[in-house]
Each structure stands twice: as C-alpha cells, then as structure tokens.
Amino acid sequence: MDDERCMEEALSEARRAAVLGEAPVGAVVERGGEIIARAFNRREMDGDPVAHAEILAIRQAARVVGNWRLTGCTIYVTLEPCAMCAGAMVNSRIDTLVYGASDPKAGFCGSLGDLVRDPRLNHRLEVRRGVLEASCASLLKDFFATLRR
C-alpha cells in the first residue's frame with residue numbers, strides 16, 4: 001500500500017472521531033501491504049488520558065500480530081505524535097512512522113523534539129512527514145474552529 005492510501009484510511013478514522021466530539025486524530029498500522037489495526041482518539045469517550053489514536057492502534061496491532069514487537073509495521077497518523085505516543089512507537093519496535101500535519105505545540109517526532117530518531121535509544125524509526133498534510137491540518141482546524149463558536 002502507498003503512503004497516501006494509508007493516510008486516507010487514517011483520515012477516515014479521524015473523521016469518525018470528529019463526529020463523536022473527539023479531537024480528530026486517526027491512526028492505522030500497516031504490515032505486509034495490509035492494514036492490521038485502526039483507531040481514533042477516544043480520550044473523551046473513555047475518560048482515559050492515554051486513549052490516543054496511536055496507542056489504541058498499537059495495542060490492536062500487537063493483538064493481531066500476537067507479539068509486542070511490531071517489526072515490519074508502519075504506522076500512519078494524521079497528526080505528529082506526542083512524546084507519549086512517540087515513546088510507544090519506539091518501545092513497540094515499529095519500523096516507520098508516516099504523519100500528516102506537524103504539531104508545533106506537542107509533536108515529538110521533529111517539532112518539539114525527535115524521540116523516534118534519538119540515537120541514544122535502542123530503536124529508531126524511519127519518519128516520513130507531510131503526507132496529505134493539507135487535508136489532515138484542515139480537519140483539525142475546522143474541528144477546533146467549530147468548538148470555539
């Protein structure tokens with residue numbers, strides 16, 4: 001599967017979140033050309049501060065694979081992951097991160113820091129950024145503009 005097609009799937013998850021009143025962030029995990037996990041933010045619905053799309057998708061992918069090591073997997077996320085999610089990606093041994101919109105206020109995969117490529121850690125991810133960036137950013141901007149009205 002190509003990056004744009006997988007990011008479209010992550011955007012679909014993000015749109016589901018928005019309809020439910022959640023911050024519109026979506027994630028999918030791909031392995032061997034197949035999407036094996038998908039999730040969207042559920043912090044409000046679950047009352048869970050760690051129910052970020054990335055964490056939920058990583059948990060689901062680990063169940064599908066039957067192992068906490070997600071080598072051979074790529075995660076697609078509509079928004080640059082925070083430090084918590086970046087750490088989960090490193091700890092799960094995901095190979096590649098692809099994200100849409102940068103997050104200058106909380107992103108930890110190039111914006112505020114770069115946890116996923118820190119040479120002091122025992123695992124580093126390949127990172128591709130800006131895939132369908134305009135669509136990912138627009139969804140977030142529109143959602144928060146609506147909340148402010």
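A salt bridge here means a side-chain nitrogen of Lys or Arg within 4 Å of a carboxyl oxygen of Asp or Glu, and the structure holds eight of them. This is a predicted model, where local features need pLDDT of at least 70, side-chain atom pairs count only at pLDDT 80 or more, and totals for chains, interfaces and linings use all residues. Residues are numbered from 1 along each chain as its sequence is written, and side-chain values use heavy atoms, with hydrogens and water left out.

**View A. Arg128 and Asp3 join up in a salt bridge.** Their closest N and O atoms sit 2.7 Å apart. Arginine 128 belongs to strand β5 and aspartate 3 to helix α1, so the pair ties together parts 125 residues apart in sequence. (Helices are DSSP runs of H or I, at least four residues, and strands are runs of E, at least two, numbered from the N terminus.) Aspartate 3 is buried at 18% relative accessible area, while arginine 128 is partly exposed at 29%; buried means under 20%, exposed over 50%, partly exposed in between, with a 1.4 Å probe and protein chains only.

**View B. Glu9 and Arg38 belong to a salt-bridge network that also includes Glu13 and Arg16.** For glutamate 9 and arginine 38, the closest N and O atoms are 3.0 Å apart. Glutamate 9 is in helix α1 and arginine 38 in strand β2, 29 residues away. Glutamate 9 is partly exposed at 27%, and so is arginine 38 at 32%.

**View C. Arg120 pairs with Asp118 in a salt bridge.** The closest N and O atoms are 2.6 Å apart. Arginine 120 is exposed at 72%, whereas aspartate 118 is buried at 14%.
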